[in-house]
Amino acid sequence: MKLGVFTPVFGRMSVTEMLAKVRALEKVQAIEIGTGGWPGADHIDLDALVDNKTRSCEYRKMLADAGLAISALSCHGNPIHPVRETAKAFDETFRKTVRLAEQMEVKVVVTFSGCPGDSASATHPNWVTQPWPPEFLDVLDWQWEEQVIPYWQDAAKFAADHGVNVALEAHPGFVVYNVDTALRLRAAVGKNLGVNFDPSHFFWQGVDVPAAIRALGDSIFHVHAKDVALNRENVAVNGVIDTKTYTRMVERSWLFRSVGWGHDELEWKRIVSALRLAGYDHVMSIEHEDALASIDEGLRAAVDLLSRVILTEPPVTAWWT
């Protein structure tokens, strides 16, 4: 397993400046690059590179010369948004990203599953989280049967035709947000649709992260390394479903934190061990969204902890096997 960094954290920097920052993190060997959607595309020109093998090869060589591989291309968005123009823009970015991934021999594209509205005339997404009142189940059935499954059957086939796996980041607010929903969509669509596993989105829902990894197994195509800290006093009063903005840090039930600032090293050892047992041997891509730590502090903390718990050499065959 290798360490990587998700590059939108360096969004205000040029590609050259970003590469210098990543190279300074000596134990990082890979980068995950945003190509559009909510990560933005600060370090790559998707339209200029897609279908241009010369330019895409030059870009890939620039990264290789810096000693870095690409773990994934990411275009987080909502391609099943109820507003057709919005959905179309996210879908076009996804399909261009898949084509570019094929050109650059990147095997994984990361995105969100998206969330439709509650009907064909809706203008806002509607995330259903409970079965009552009973009309919620009607909405959920319509979303999955009429929007979610048809879209992803087509989109995943498009990716498969280009030799690319799709890793959906399970995230509350979208139809795929936990183990059950991820496996439900994969069963309906096919095995080249899997998961970008981000522990931070599971921690605050009360999930035992290693147990979730075991359940997902070989559907995990990519991994984010990001932590969450729960404010026990706020959770005791209001629970974990929290719509306060991230700027109201003192009042929130939970906050995104750098690796090690929400859960200790032992928990991250459990996570890495579960990933290895599930057969995952790709990249743990550090995603910095910690408002209490600077970019440099947050990345250093994550690299320091993860470099101690990730085993980069293949295991030695035990004498008793």
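## Overall fold

The secondary structure of this protein comprises 11 helices and 10 strands, where helices (H or I, at least four residues) and strands (E, at least two) are DSSP runs numbered from the N terminus. Its radius of gyration, taken over C-alpha atoms, is 20 Å, close to the 20 Å that the globule rule gives for 321 residues, so the protein is as compact as a globular protein of that length. That rule is 2.2 Å times the number of residues to the power 0.38. Along the principal axes, the C-alpha trace spans about 55 × 50 × 50 Å.

A word on the source: this is a predicted model, in which local features need pLDDT of at least 70 and side-chain atom pairs count only at pLDDT 80 or more, while totals for chains, interfaces and linings use all residues. Residues are numbered from 1 along each chain as its sequence is written, and side-chain values use heavy atoms, with hydrogens and water left out.

## Inside the protein

Of the 321 residues, 51% count as buried (under 20% relative accessible area; exposed is over 50% and partly exposed in between, with a 1.4 Å probe and protein chains only). Among contacts (heavy atoms within 4.5 Å) with a separation of 6 or more, 78% are accounted for by residues 24 or more positions apart.

The largest nonpolar core holds 84 residues; such a core is a set of buried Ala, Val, Leu, Ile, Met, Phe, Trp, Tyr and Cys residues joined through side-chain atoms within 4.5 Å. Helix α5 (residues 135–161) gives the most to this core, with 9 residues. L306 is one of the residues with the most contacts inside the core. Leaving aside neighbours within four places in sequence, L306 touches L3, A225, V259, W268, M284 and I286. A second, separate core of 5 residues includes A72, V108, A167 and F221.

## A glycine in a loop

G173 sits in the loop between β5 (165–169) and α6 (179–189). With a relative accessibility of 27%, G173 counts as partly exposed. Leaving aside neighbours within four places in sequence, G173 is in contact with C115 and W127. G173 and C115 are 58 residues apart in sequence and 7.2 Å apart in space, C-alpha to C-alpha.

## The largest pocket

A pocket here is an open set of points on a 1 Å grid over the protein atoms alone, where a 1.4 Å probe fits, with protein on both sides within 12 Å along at least five of seven lines. The largest pocket is lined by 16 residues, of which W127, P172, W204, I241 and D242 lie nearest its centre; lining residues have an atom within 4 Å of a point.
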